[in-house]
Amino acid sequence: MRTLDEKETTQVFEKLFKFTGNNLKNIIDSPSHEGPDPDPGRYCFRLCKNRVYYVGESLVRRATNVGRHNLTSLGTCVGKFTKGGSFHLTIQALGILAANAKHKVWLKPTSEMSFLYGNHVLKGGLGRITENINPGDGVVVFSMSDVPLGFGISQRSTQDCRKLDPNGLVVLHQADIGEYLRMEDEL
Amino acid sequence: MEEARTMQVDLGNLMAFDSGHDFPSLPSSREELVEKCLEKGTELVQAIADALFNLPSTEDVDGPIVKLPQPTTKLPREKHLPKPKPPTKWELFAKAKGIKNRKKDKIVYDEQTGTWKRRYGYDRVNDDKDIPILEAKATDEVGSDPFAERQADKKKRVEKQNKNRLQNLKQAATAHALPSHIQLAATALPITGTQAAPKKVSKEELGNVAGLAATATASGGKFDKKLLGEKKPKHEQKHRKFLPVAEGTGQGSQEKEQTDRVLNKLLAKNSHEILNVNKAVTMYNVKKEKKRSKQKRDDSSNSSKLKPQKKVQKKPIKNGSATKGYAKKGSDTKGSATKGSAKKGSAKKGKSK
């Protein structure tokens with residue numbers, strides 16, 4: 001376990017910024033809820049074997065008691081660094097992303113399953129969409145009952161979505177909660 | 001055929017040599033000269049080939065193999081003749097005194113055991129350890145050990161001999177006449193008679209070697225006292241330094257600083273996206289409309305004919321630079337348009353925390 005160096009921190013923050021925008025400040029500065037201490041402190045990011053974890057300070061301090069080779073995971077994993085050095089967000093980051101998302105998309109009940117199997121979101125499955133989405137923005141996908149299902153990258157702006165034909169791609173799939181079943185080993 | 005007689009073939013060196021060759025007339029051009037030389041060369045090579053095939057051959061997988069005879073031409077020396085070395089101290093003494101060198105046998109008859117033993121080495125003739133009794137002389141002290149004394153004497157003699165040998169070698173070295181086996185053993189010395197180029201050690205090389213020497217201790221040179229002016233080693237063990245994992249109760253101040261720095265950089269880079277110009281402009285227009293309609297209602301209650309109606313519509317402009325000033329006045333939720341004021345806004349938020 002080690003802290004992230006500056007380059008790694010920028011990579012992680014940039015990826016999170018795509019989804020949260022200015023709410024990134026909330027993610028970083030929010031007081032933690034973990035641990036039995038009366039004052040758990042803030043959240044911080046730690047790197048353990050190429051995975052980035054979002055942990056409260058009290059937990060971090062306790063985790064230093066576990067040996068380097070024995071420590072598997074701590075707090076919430078938000079993503080991993082690939083062999084090539086780039087950072088990818090994983091589905092376990094959905095909690096913090098959904099709470100602080102800037103752009104949201106709601107899916108119709110008929111196309112929920114399709115998205116949970118890993119398919120992209122088509123215009124025909126779109127229920128609601130927030131305004132002012134630009135292409136290339138990070139988008140969090142919800143069901144109509146406001147359950148977060150996953151996240152992805154938007155392919156069209158909101159206005160273009162209105163003019164699109166029903167089979168056009170709206171959101172490129174990046175992660176969904178079905179991955180907990182499908183890719184249990186890789187998470 | 002006359003040429004064949006003057007031709008000498010040295011098969012040991014695979015060489016053919018024509019001593020009677022002479023150019024009858026100097027050829028005019030370079031090409032002609034080259035041609036003539038090639039012709040002559042071919043004849044000579046032909047002679048070698050003829051001689052080779054005349055030798056008795058043995059069959060082999062690759063073809064017939066021929067054993068070449070010893071070479072007949074004497075090649076010149078590769079290295080120079082050995083220089084005469086200066087006479088050693090003993091040689092000078094022997095010459096002066098007229099002492100001649102007598103040949104000694106390796107095996108000598110031993111009187112004590114009645115066998116033939118070596119003159120020196122294992123199981124030798126006059127070995128010290130074979131003497132059983134030493135008679136005490138009048139000059140001997142009471143508590144001294146004569147056997148130990150004999151050993152000590154021998155050691156001294158051997159040391160003296162070695163010293164003299166080294167002195168002789170040094171003399172020979174100054175006269176550039178060291179014997180070849182010692183010359184080879186002393187790798188730093190150049191070949192006798194030649195001048196070795198002085199090797200210049202560069203600053204970088206010295207630094208590297210000094211670094212190696214400094215770290216070649218049991219603890220890697222970590223606890224050695226440094227001399228005055230000695231700098232820290234260039235490459236410390238760890239090539240990357242990370243912030244401490246848990247400082248105090250969790251996040252250290254350095255880590256906080258780093259995250260804040262990165263965050264601010266990121267927000268500042270994307271601050272142009274904070275203000276949505278179109279939305280701000282529409283909000284402004286809506287506000288204006290409301291204000292005007294309110295005025296209209298008030299005026300209509302009083303008198304509408306006297307006051308002129310001002311209709312000003314602001315169209316949203318694509319680049320936000322012109323409307324930034326207006327937007328500042330109008331919108332309050334989005335806060336500020338310029339980058340400087342954006343920073344102020346976020347700083348305000350930070351302070352309130």
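These questions and answers walk through a predicted model.

Visitor: How many helices and strands does chain A have?
Guide: Chain A has 187 residues, and 49% of them count as buried. Its secondary structure comes to 7 helices and 11 strands.

Visitor: Within what arc do the buried residues of α5(A) fall?
Guide: Helix α5 of chain A spans residues 109-116, and its buried residues are A:S111, A:F115 and A:L116. Seen down the helix axis, they line one face, because they fall within an arc of 145 degrees.

Visitor: Which helix of chain A do the buried residues of α5(A) pack against?
Guide: Their partners include the strands β6, β7, β9, β10 and β11 of chain A. The helix among the partners is α7 (179-182).

Visitor: Is A:G178 buried or exposed?
Guide: A:G178 sits in the loop between β11 and α7 of chain A. Its relative accessible area is 13%. The cut-off for buried is under 20%, so A:G178 is buried.

Visitor: Are the rings of A:W106 and A:F142 stacked or edge-to-face?
Guide: A:W106 lies in strand β6 and A:F142 in strand β9 of chain A, 36 residues apart. Their ring centres are 5.9 Å apart, with the planes at 25 degrees. Planes under 30 degrees apart count as stacked, so this pair is stacked.

Visitor: Which residue lies over the face of A:W106?
Guide: A:W106 is buried, at 8% relative accessible area. At 4.0 Å from its ring centre lies A:R128.

Visitor: At what angle are the ring planes of B:Y109 and B:W116?
Guide: B:Y109 is partly exposed at 38% relative accessibility, and B:W116 is exposed at 61%. Their ring centres are 5.4 Å apart. The pair is edge-to-face because the planes are at 65 degrees.

Visitor: Which residue of chain A lies over the face of B:F242?
Guide: The distance to the ring centre is 3.9 Å. The residue is A:R2.

Definitions and conventions: Residues are numbered from 1 along each chain as its sequence is written. Chains are lettered from A and ligands numbered from 1 in the order in which they are written. This is a predicted model: local features need pLDDT of at least 70, side-chain atom pairs count only at pLDDT 80 or more; totals for chains, interfaces and linings use all residues. Side-chain values use heavy atoms; hydrogens and water are left out. Buried means under 20% relative accessible area, exposed over 50%, partly exposed in between (1.4 Å probe, protein chains only). Helices (H or I, at least four residues) and strands (E, at least two) are DSSP runs, numbered from the N terminus. The arc is that of the directions from the helix axis to the C-beta atoms. Contact means heavy atoms within 4.5 Å. Rings of Phe, Tyr and Trp (its six-membered ring) pair if their centres lie within 6.5 Å; planes under 30 degrees apart count as stacked, over 60 as edge-to-face and the rest as tilted. A charge sits over a ring if NZ of Lys or CZ of Arg is within 6 Å of the ring centre and within 35 degrees of the ring normal.
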